[in-house]
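Please keep the sequence and the structure at hand while reading.

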Amino acid sequence: MKKFCVSVLAVFMLFCCCACGKKDNLIELGKDLSQYNITLDINAETKSVVGNLNLTYINNSEDVLKNVMFHLYPQFFEEGNTDKVVSSTILNDAYPNGMSYAEFDVDRVQVAGQDVTVVYSGECDGILDVTLPSSILPSNSVDISIDFSFSLPNCEHRFGYGDNTINLANFYPIACVYENGEFDLSGYNSNGDPFYSDMANYVVDVVVDRDYVVAGTGTKANESIVDGRKHITFNANVVRDFALIASDKFEVRSGKAGDVTIEYYYFNDEHADQSLQAGVDAIETFSNLFGDYPYSSFSIVKTDFIYGGMEYPNLVMISADIENVDDYMNVIVHETAHQWWYGLVGNDEYQYPWLDEALTEYSTLLFYDNNDGYNLTHSQMLNAYKSNYTLFITVYQDVLGDIDTSMRAIDEYDTEPEYTYCTYVKGVLMYESLYQLIGEDKFLDGLKNYFNSKKYTNATPEDLILSFESASKTELDSFFDSWISGKVVIR
């Protein structure tokens, strides 16, 4: 999820693989997953893209499916949509050159080589419903082809462009998660990360101006110049999303964390070696604490982005607006922790944003316990979280008379600060309380249980609680319920 709190000070300002170390065989793990083959032609001058998705969709449910539904997240960036992609308080920062909009079109849809009609539904027509000529049985597959095109907004967001970078994230039709007999159709929201997706395999072919450097999910299988333009192929097995960032200003530095190649894409960074090292240290630390990072590559990308940072598989965005070096390092660490909590262990980020976000933020504190030499410590950050949370509650109660402190779905928060404090800050305090209750060894064992039992799948709050209960031999339903429901009073 996007990193709202680049440091504890920034939080306050918002208000005003297996344990043995053996790599998993991702090719083998991916053989029963849907396959996304995407081609993209990026016109850097006009900031427009022509694309095609060829999806081999595997029905991994127990139901017979008559249709497949897709999220069209770019629809929410079009003019006239009532669901804003950023809150009104940061519009000027997100659109530094004035309001700008996307234009997104689905040009053609075919199923098994036949043209089909489609239906748009949901908020802002953000759902594409593809009716299948013939139903697909469990474990069977169908080939769906979608031609699409779009122009990007001049917006410093996941999907948009700024003065330095072109950000392509959540930009292609992605199949909705099917569970409990229906497709999950949650829309967009300016709070948090309104995303939920299954693991899949990707091959993405990109054509872009030859002067552009491109960072993307997965590994680069090849890169060449053809007829004066750059052609790049990305391969990514067993990931839940794909994103890329392009710039004609990027410099690149590389490092290693074990057998993982880490690349830092940046511009205007006098501390580039330090930024790269933070990523190396984070991959090593979280691999040791939770379980191996199973992929061969990881990219840290400085980019034009309104929030502190944002995570995608094998790639994280770090905002170019962060001026403080310690804050910048902290965001790198936080977003890298998301490779475990969201990337490998997935969850419904719309309904349960705290499930990955609070755990990621607390994992960031654990990083400082295991790494000397950084100018932030677990205890310093924890004390700041406590004081800032109590101040936030006091001010909100003085203004509104009352506040709902439950940890809930992102569309149930009235403001971004309310979302931030209940999800990030209170989440950290919840995990610190659990840490003190069951002890360090059982706490870390719980996290390892959670990771190893749920990696490559989508987890639920019950899965998390069960992992800690198994490690601690303690009933924890009431503990988590008191925090999640807002019954706990923090002073």
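The sections below go from the whole chain to single residues.

## Overall build

The structure is a predicted model. The protein chain contains 11 helices and 25 strands. Along the principal axes, its C-alpha atoms fill a box of roughly 60 × 50 × 50 Å.

Of the 491 residues, 61% are buried. The protein chain exposes about 19000 Å², and carbon and sulfur atoms supply 45% of that area.

## Charges and the negative patch

The protein chain carries 29 positive and 75 negative charges.

On the surface, a patch of negative charge is formed by Glu 79, Glu 103, Asp 105 and Asp 107. Glu 103 belongs to strand 4, which covers residues 103-111. The relative accessible area of Glu 103 is 55%, and residues over 50% count as exposed, so Glu 103 is classed as exposed.

Side chains of opposite charge can pair when their charged atoms come close. The structure holds 14 salt bridges. One of them joins the side chains of Arg 158 and Asp 193, with 2.6 Å from N to O. Arg 158 sits in the loop between strand 8 (141-151) and strand 9 (159-161), while Asp 193 sits in the loop between strand 13 (182-183) and strand 14 (200-209), so this pair ties together parts that are 35 residues apart in sequence. Which side of the 20% cut-off for buried residues do the two fall on? Both are under it: Arg 158 is buried at 1% relative accessibility, and Asp 193 is buried at 0%.

Arg 408 and Glu 418 form another salt bridge, with 2.4 Å between the closest N and O atoms. Arg 408 is in the loop between helix 7 (378-400) and helix 8 (416-438), and Glu 418 is in helix 8. The two residues are 10 residues apart. Arg 408 is buried at 8% relative accessibility, and Glu 418 is buried with a relative accessible area of 5%.

## Other salt bridges

The side chain of Lys 487 meets that of Asp 481 in a salt bridge of 3.1 Å, N to O. Asp 481 counts as partly exposed, at 39% relative accessibility.

Salt bridges can also be linked in a network, as they are for Asp 41, Asp 209 and Arg 229.

Ile 90 is placed in the loop between strand 3 (65-71) and helix 3 (91-94). With 16% relative accessibility, Ile 90 counts as buried, because the class takes in residues under 20%.

How far apart are the C-alpha atoms of Ile 90 and Cys 155? They are separated by 11 Å, and the two residues are 65 residues apart along the chain.

Note on methods. Residues are numbered from 1 along each chain as its sequence is written. This is a predicted model: local features need pLDDT of at least 70, side-chain atom pairs count only at pLDDT 80 or more; totals for chains, interfaces and linings use all residues. Side-chain values use heavy atoms; hydrogens and water are left out. Patches are made of residues with over 30% relative accessible area and no salt bridge: like charges are joined within 9 Å, nonpolar side chains (Val, Leu, Ile, Met, Phe, Trp, Tyr) within 5 Å. Accessible areas come from the Shrake-Rupley method with a 1.4 Å probe; for residues, only the protein chains shown count as cover. A salt bridge is a side-chain nitrogen of Lys or Arg within 4 Å of a carboxyl oxygen of Asp or Glu. Lys and Arg count as positive and Asp and Glu as negative; His and the chain ends are not counted. The place of a charge is taken as NZ of Lys, CZ of Arg, CG of Asp or CD of Glu. Helices (H or I, at least four residues) and strands (E, at least two) are DSSP runs, numbered from the N terminus. Buried means under 20% relative accessible area, exposed over 50%, partly exposed in between (1.4 Å probe, protein chains only).
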